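Look at the sequence and the model below.

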Amino acid sequence: RFAEDACAAGGGRRAEECDTERRGENPTTRPGWGKDGGNIVRDIVFFGLGVMYISSVWISTFFVGNILALVSYVFIRPLNQVWHESFLDEMARVGWGQIVDYIEHVGRLSPVFTGDLEALSTPDHPLNTGSTGNKIVMSNHCTAGDPVAVFLVGHRLQRIGNMRFMVKKALLFVPVLGVAAYFLDFIFLSRNWNKDEQAIRRVFRSMLEGTRKRLFWICMFPEGTRITSQKLRESHEYATRKNLPILKHVLIPRVKGLHACLIGLRNEADAVLDLTVAYSVRKGETSDLGAVGRGYLANHGKIRPGLADVMLHRSAVRTWPIHIHVRVIPVAEIPTDQKGTADWLFKVFQEKDQLLDHFNTHGCFPGPPNDLPRRSVAQALWGLFIYSSAALLGALICNSMLHATSTMVLPVAIRSVCILLSEYFFSVTVGGACLIVVLS
């Protein structure tokens, strides 16, 4: 992979300049129709495929993550809570997994893993705690696409269905996604600690009480927001006032959410997974690079790949690199008091800042890359088939419910629309699956 070659060579050129030199393009070229090695017709085809796929995922998630989840909650959970929770986890594993498969196979996202990830997937390795190894996952935050990096790690370790994210409360009101996230025990934060602490405790009770404790990865971004040049300056000002070291590539982390997790889950989680995510490609030139300068790192500003790059576009000549360094930190090594946790977390972010500084200089993280391949096309298609089948079942249940109530409450027109939507998403997913086979 190109970033690894640049790191090994210790070159001093910016990553985007090296990459565009390989493509024979001007580094200031911005994405657009017919660019990035393609042509207008090809880009329109892939844009249409991406729109259809996103629509399909949205509709499928409505039938699986809303309708089937509600049916399971009402009818299955009272009889057997384990079955209900296992169903939700499995549907999350398949649903998120097929999105990651699409991004890697069609969007050509190319993750470069370093650190402890390969050890976590190796049997009998001391860091591999097996299926019972619950984790607290934290990462630096650069762009709206950062959760994809967390999904990539979970997908490689077959734990993507057990992820529970700490997210802004606004997500709860997003149609379809908000209800699905609620059923999956996401933690909705309102930036009011009294309310947020109650939300965190509610989710912990849901996971740990009952006949079976749920497997989990609690995922968070301790910086609390995405890094920008303005926020980085504000972080520097705060550090100066508090007489703290200046962090060049990350914001000063917030400790309360992590400390609440460590207190509430200390006996259930065995380790913290510390992810450091780095991007090396920008959309053209950026005049305000802050302390980063003109190195390889492109973690704030206009970063590529964005979600549009991997969902609505497919480059004809390149893959999209995303660099993920994984560290495993045993929970037993972390202080229990809030002051100790805050000092420990700041130290971890200092080390994270040093890792990003290394990336900025060399174009990669230290250490050899982990050899963890993506899932095969056959596995990706199987996941797509399972999720589509579950969505079809949800559509049939929804259709039956509407049919039973149409004469009393709902007009027949709504039932017809439901049938059309179910036929649409099913045909789109099957067509998308065929294209994945051809394109890969």
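This is a predicted model: local features need pLDDT of at least 70, side-chain atom pairs count only at pLDDT 80 or more; totals for chains, interfaces and linings use all residues.

Strand 6 has a partner in strand 2 (residues 134–139); the two run parallel and are joined by six bridges. Within this pairing, Lys135 stands opposite Ala271 of strand 6. Strand 9 (residues 320–330) also pairs with strand 6, but in the antiparallel sense, over eight bridges. Here Leu273 is the residue that faces Val328 of strand 9 across the pairing, standing opposite that residue. As a general point, side chains in a regular strand alternate between the two faces of the sheet.

Next comes helix 10, made of residues 256–265. Why is helix 10 described as largely enclosed by the rest of the structure? Seven of its ten residues are buried, and that is the reason for the description. The buried residues of helix 10 are Gly257, Leu258, His259, Ala260, Cys261, Leu262 and Leu265. They pack against several elements, including strand 2, strand 6 and helix 12 (338–362). Strand 3 (163–168), helix 8 (193–208) and strand 5 (217–220) are also among the elements that the buried residues of helix 10 pack against.

The nonpolar cores can be taken next. The largest nonpolar core has 55 residues, and Val153 and Met163 touch the most other members. Leaving out residues up to four places away in sequence, Val153 touches Phe113, Leu117, Trp217, Leu275, Ile324 and Val326. There is also a second, separate core of 39 residues, and Leu265, Val272, Val348 and Phe359 are among its members.

Some space is left between the atoms. The second largest pocket holds about 400 Å³ of space. Its lining consists of 17 residues, and those nearest the centre of the pocket are His155, Arg156, Gln158, Arg375 and Gln379. Helix 4 (81–105), helix 6 (146–156) and helix 13 (377–405) are the elements that each give two or more residues to this lining. Helix 4 gives the most, with five residues. By class, the lining of the second largest pocket has six nonpolar, six polar and five charged residues.

How many cavities of 30 Å³ or more does a search of the whole structure find? The search finds five. The second largest cavity contains about 100 Å³ of space. Among the residues that line the second largest cavity are Ile103, Leu109, Tyr279, Pro305 and Ile322. Eight residues of this lining are nonpolar, three are polar and none are charged.

Two single residues complete the account. Thr61 lies in helix 3 (residues 40–76). Is Thr61 buried or exposed? Thr61 is buried, because its relative accessible area is 11%. Not counting residues up to four places away in sequence, Thr61 touches Asn66, Val176, Ala180 and Tyr387. Glu118, by contrast, belongs to helix 5 (residues 117–120) and is partly exposed, with a relative accessible area of 30%. Glu118 and Leu372 are 254 residues apart in sequence, yet their C-alpha atoms are 6.9 Å apart in space. With residues up to four places away again not counted, Glu118 touches Asn370, Asp371 and Leu372.

Methods. Residues are numbered from 1 along each chain as its sequence is written. Side-chain values use heavy atoms; hydrogens and water are left out. Two strands pair if DSSP finds at least two bridges between them. Helices (H or I, at least four residues) and strands (E, at least two) are DSSP runs, numbered from the N terminus. On a 1 Å grid over the protein atoms alone, a cavity is a set of points where a 1.4 Å probe fits but cannot get out, and a pocket is an open set with protein on both sides within 12 Å along at least five of seven lines; lining residues have an atom within 4 Å of a point. Grid points are joined across faces, edges and corners, and a volume is the space filled by probe spheres set on the points. Ala, Val, Leu, Ile, Met, Phe, Trp, Tyr, Cys and Pro count as nonpolar, Asp, Glu, Lys and Arg as charged, and the others, Gly among them, as polar. Buried means under 20% relative accessible area, exposed over 50%, partly exposed in between (1.4 Å probe, protein chains only). Contact means heavy atoms within 4.5 Å. A nonpolar core is a set of buried Ala, Val, Leu, Ile, Met, Phe, Trp, Tyr and Cys residues joined through side-chain atoms within 4.5 Å.
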